[in-house]
Amino acid sequence: MLISLENITKSFGSDIIFKNVTAKIEDNDRIGLVGANGAGKTTLLSVITQEYDYDSGTLFIQNGLDIGYQKQNNGLLQNGTIISEMRSVFNDVYALEEKLHNLRESISKNSTPQLEEEYRKTEDAFIAKDGYNVDVKINTVLQGMGFAMRDPSTEINKLSGGEQTRLMIAKLLLSKPKLLILDEPTNHLDFKTLMWLEEYLQGYSGAVLTVSHDRYFLNKTCSKIWEIERGELYVYNGDYTKYLQLKKERIDHLQKLYDAQMEEIAKLEDYVARNLVRASTTKMAQSRRKKLENMELAEKPKPPLKPPIIRLNYDGEPVKDVLKVDSVTLNVGEGENQKNLLNNISFNVERGQKIAIIGGNGTGKTSLLKALMNVNTFESGKFSWGRGVKYSYYEQGSENMDLNLSVLETLWQTYPSFFETTLRSMLGALGLSGETVFKTVGQLSGGERARLKLASICLANSNTLVLDEPTNHLDLATKEILEEALQSYTGTVIMVSHDRYLLNKIPDKIIELHDKTLTEYNGNYDDYLRISAINKPETVQKQSVEKQVTENNRNYNRGKEARRNEAKRRKEFAETEELIQNIEKELLEIEETLALPDTSSNYQYLQDLCLRQQELQVLLDESMEKWLLLQE
């Protein structure tokens, strides 16, 4: 057992965040922590990591437990670089490597038994820390987390917020803590990186505790769900789908127990009322009254939290051809910084279709929507909205929201002719009620801002919805309500999303942006995966990472001994030179393969390539050293 929580209670002032929380984290647990926004998930993580104290209860943490915690604010050194942050995980290993290098130089000048013994001990320590595979690990994780095309010397302060989050996750994965805690790790990850991370976490050697609103991710990576609801923690065994089933069964069971007890109490009370005063039945009535007094009341199921109400209606049907996009080219930036995102693409959207636009980060999804909304401008080509189309645009982020306006003023700015009662009713339906409507937008959480934007969409009565990441920042319950609303909506939907659960429920067509062009797939996300075969691994021979690393170390040790013997016997110079040429040729081929976009999506293939690359690099270093000795 790594961590045990027994009856933990935490409050801030008079506000109780959670009470009597009891749970355990065992070796190799895969736990998903879920709950509504503001339920106390991050506070619980802070108690587990001892950043926050707690009011009462008992917290046991295994002595010397190594906890790695990825927060939503990353904590990287802004003056560092990508590679320096990754290498900082292995500072002790690189120190041993430098010591080995210095010892080799000393031995080559004047070999003594003392130096040879020190070299042997240092190398044993280096091998014990898996030192010969450190660069392989760094390369593999950086490739998997989407940094294949990034210069490793790039400074941290030049990375976007999303890139810094990905780099922090990469750093934590390399450090391999016994307990890995991730807070919303799927934000800012494209599909390939998400799938790589899911596969990596499935094989992770420690325990993982994840806060996430990504239901697809929870299904892939979790075997246990913790839910915080109304200040209490409930533990369910299984993935997210199983949790939904078990939660319903628990509530139904509690309701049946409660109903049965209420029925029994009613019968007992009725019997006591009718028979207590009758001499012949007084004793029996008294017995039943005593039973009532001593009865332990069953827990009354709490009513479900009031869900938001999202209704998407519209006035008037448009023509059949809602949108025509013909041979458009899209660039962003100006001058030397100009970048071509899309080149000569075309597609059509018909009335009632629900289309999802997907693609890797930077492929132009949001820029395309903005161009269709006339926020950006196409370089060439043309597009047209059909007659009768009335669209609403849900914009990702809060850049165009006035942070100084109140919630109510924000809606009034868009709908100046509406009565206050109408606006407040809509806000209340989405969980923004009471004093919240007088808060400024800048005071709202990400989830509250998302609900405010949804309120504006609901009031518009548009027959076409253009949505950019509509489920970002929404808690699980609100996501499901929005999905139900979109499924019931008979208008046209054009959306960009990374939410794979949503992508399986809503679209009837997927448009993938890739390499400045697009490919259309009929169906939902699972259909897209099947057709594009993006989830099928490369046909490569499967070996466990541990076996490959062990064999790599053995090969290196054999090569090291061979190098010493060959240096003494002065083997043929020409053989060594030919070997170097062959190694350099194979290394070049591997580098070209690693640069291919599809390589980073296959964890096992990527690991094989990186291991082979490191093995060749070690062999090249050996051969070059031998070549120099032979030349001398």
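Start by selecting Lys 516: at 42% relative accessibility, this residue counts as partly exposed. Keep in mind that you're looking at a predicted model. Lys 516 sits in the loop between strand S17 (509–514) and strand S18 (517–522). Check its backbone while you're there: phi is about 70°, a positive value, although Lys 516 is not a glycine. Most residues other than glycine have a negative phi.

Now pick Ser 327, for another positive phi. Here the angle is near 55°, again in a residue other than glycine. This time you land inside a strand, S10 (residues 321–332). Ser 327 is partly exposed, with a relative accessible area of 29%.

Time to zoom out and show the whole chain. The C-alpha atoms fill a box of roughly 115 × 75 × 45 Å along the principal axes. Of the 632 residues, 48% count as buried. Take contacts between residues at least 6 apart in sequence: 70% of them join residues at least 24 apart.

Next, select helix H5 (residues 134–144) together with helix H7 (residues 191–202). Their axes come within 9 Å and cross at roughly 135°, which makes H5 oblique to H7. Show side chains where they touch: H5 brings Thr 140, Val 141 and Gly 144, while H7 brings Thr 193, Trp 196 and Tyr 200. Colour that contact by residue type and you get three nonpolar, three polar and no charged residues.

Which residues does Met 145 contact, leaving aside neighbours within four places in sequence? The list is Arg 166, Ile 169, Ala 170, Leu 173, Leu 189, Thr 193, Trp 196 and Leu 197.

Met 145 also leads you to the largest nonpolar core, a set of 100 residues in which Met 145 and Leu 173 have the most contacts. For the largest share of this core, select helix H14 (residues 446–460), which supplies eight residues. Then look for a second, separate core: it has 28 residues, including Ile 3, Ile 8, Leu 33 and Ile 181.

Last stop: the cysteines. Are Cys 222 and Cys 610 buried or exposed? Cys 222 counts as buried at 8% relative accessibility, and Cys 610 counts as buried too, at 1%. How many disulfides does a search of the whole structure find? The answer is zero.

Key
Residues are numbered from 1 along each chain as its sequence is written. This is a predicted model: local features need pLDDT of at least 70, side-chain atom pairs count only at pLDDT 80 or more; totals for chains, interfaces and linings use all residues. Side-chain values use heavy atoms; hydrogens and water are left out. Axes are lines fitted to C-alpha atoms, for helices over the stretch in contact, and angles run from 0 to 180 degrees between N-to-C directions. Helices (H or I, at least four residues) and strands (E, at least two) are DSSP runs, numbered from the N terminus. Angles under 35 degrees count as roughly parallel, over 145 as roughly antiparallel, 65 to 115 as roughly perpendicular and the rest as oblique. Contact means heavy atoms within 4.5 Å. Ala, Val, Leu, Ile, Met, Phe, Trp, Tyr, Cys and Pro count as nonpolar, Asp, Glu, Lys and Arg as charged, and the others, Gly among them, as polar. A nonpolar core is a set of buried Ala, Val, Leu, Ile, Met, Phe, Trp, Tyr and Cys residues joined through side-chain atoms within 4.5 Å. Buried means under 20% relative accessible area, exposed over 50%, partly exposed in between (1.4 Å probe, protein chains only). A disulfide is a pair of cysteine sulfur atoms within 2.5 Å.
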